[in-house]
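Subject: Structure handover

Hello,

Here is the structure I said I would pass on.

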Amino acid sequence: MPLLRTFNLTREYYHEITAMVYKKQNWKPGTLIYPLPAAMISVGASPEEYNIITVSWLGTICSDPAMCYISVRPNRHSYEILKKNGEFVINLTNEDLAKATDWCGVKSGKEFNKFNEMGLSPQKATVVNAPIIGESPLSIECKVKDIIPLGSHDMFIAEVVNIQADERFIDASSGEFKLDTAKLIAYSHGHYYHLGQEIGKFGWTVQKKK
Ligand SMILES: Cc1cc2nc3c(=O)[nH]c(=O)nc-3n(C[C@H](O)[C@H](O)[C@H](O)COP(=O)(O)O)c2cc1C
């Protein structure tokens, strides 16, 4: 609150003037938690069944065991494949994959072989029976534990059973996975973005200065 110090304001007066500046509106409930990833989910137990669906309704829900969810509408071509096989791969997307990410989110596997159309390479997953997308910097192999119907979407709760990390983004000397060099993209309110410059590191606000 630099204004407080600069102008020697009382805390009450400060809240009064900032409340005037940031006037709020009440909106009906909606899906406005952003930014989110736009990940490409690969499914299918055989090449004939392979498909990719772009999802933004996804996230981490437990650290140990590592667990996550994706929410999928039952009318998607991928839905029945997901339900039948109970396995899928979350492929993180980067700038090179931005076009494929959007295209796989507007076209259906009912009509297209999305791997072929987008020139993507289905590669063997290590644990699950679904392909990884070879071009993705990070492919997270998941096994479905539960399916919760919520309304428009069903939530697939899954355990992470293996991760394939692209060596292009692993620092050879430190072994560190340099996610910052992978050029990951974010999705916010209908638009895709580059990630901007780093503004801090976990815990930087309490770190002692050296
Ligand atoms: C950025 C983006 C995010 C999306 N997120 C979801 C999602 O979370 N869940 C979902 O069911 N569909 C989502 N979609 C829509 C599906 O990807 C789209 O309907 C796709 O064509 C389904 O493919 P399929 O019929 O081959 O399964 C999203 C689309 C885009 C472009």
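The notes below go from the whole chain to the sheet, the ligand shell and a few single residues.

Some ground rules. This is a predicted model, in which local features need pLDDT of at least 70, side-chain atom pairs count only at pLDDT 80 or more, and totals for chains, interfaces and linings use all residues. Residues are numbered from 1 along each chain as its sequence is written.

The whole chain

The protein chain holds 5 helices and 11 strands; helices (H or I, at least four residues) and strands (E, at least two) are DSSP runs, numbered from the N terminus. Its radius of gyration is 21 Å, whereas a compact globule of 210 residues would have one near 17 Å. That radius is taken over C-alpha atoms, and the globule rule is 2.2 Å times the number of residues to the power 0.38. The C-alpha trace spans about 70 × 50 × 35 Å along its principal axes.

Of the 210 residues, 28% are buried. A residue is buried if 20 or more other C-beta atoms lie within 10 Å of its own, exposed if 12 or fewer, and partly exposed in between, with C-beta atoms placed from the backbone. Among contacts between residues at least 6 apart in sequence, 60% join residues at least 24 apart. Two residues are in contact if their C-beta atoms, placed from the backbone, lie within 7 Å.

The sheet

Seven strands make an open sheet in the order β2-β1-β5-β8-β9-β4-β3, and the pairing is antiparallel. Because β2 (51-55) and β3 (58-62) stand at the edges with a single partner strand each, one side of each has no neighbour in the sheet. From one strand to the next the twist averages 35°. Strands count as paired if DSSP finds at least two bridges between them.

Strand β8 (residues 138-149) pairs with β5 (residues 87-91) in the antiparallel sense over 5 bridges. Asparagine 91 has serine 139 in β8 as its bridge partner, and phenylalanine 88 has cysteine 142 in β8. With β9 (residues 154-165), β8 pairs in the antiparallel sense over 11 bridges; here lysine 143 stands opposite glutamate 159 in β9. β8 and β9 form a hairpin with 4 residues between them, and glycine 151 in the turn has a positive phi of about 145°.

Helix α3 (residues 77-85) lies across β1 (39-43), β2, β4 (67-72), β5, β8 and β9, and runs at about 55° to β1. Axes are lines fitted to C-alpha atoms, for helices over the stretch in contact, and angles run from 0 to 180 degrees between N-to-C directions.

The ligand

The ligand is surrounded by 21 residues, of which the closest are Trp57, His77, Ser78, Gly105 and Gly109. A residue is near a molecule or strand if its C-beta atom, placed from the backbone, lies within 6 Å of it. β2, β4 and α3 each supply at least two residues of this shell, and β2 gives the largest share with 4 residues. The shell divides into 7 nonpolar, 10 polar and 4 charged residues. Ala, Val, Leu, Ile, Met, Phe, Trp, Tyr, Cys and Pro count as nonpolar, Asp, Glu, Lys and Arg as charged, and the others, Gly among them, as polar.

Single residues

Leucine 97 is in the loop between β5 and α4 (98-103). It counts as buried because 24 other C-beta atoms lie within 10 Å. Not counting residues up to four places away in sequence, leucine 97 touches Glu135 and Ser136. Leucine 97 and isoleucine 185 are 88 residues apart in sequence and 8.9 Å apart in space, C-alpha to C-alpha.

A cis peptide bond runs from tyrosine 34 to proline 35, with omega near 0°; proline 35 is in the loop between α2 (11-21) and β1. Aspartate 64 and proline 65 are also joined by a cis peptide bond, with omega about 0°, and proline 65 is in the loop between β3 and β4.

Lysine 183, in the loop between β9 and β10 (185-188), is a residue other than glycine with a positive phi, near 55°. It is partly exposed, with 16 other C-beta atoms within 10 Å. Histidine 189, in the loop between β10 and β11 (191-194), has a positive phi near 50° and is likewise not a glycine. Histidine 189 is exposed, with 9 other C-beta atoms within 10 Å.

Regards
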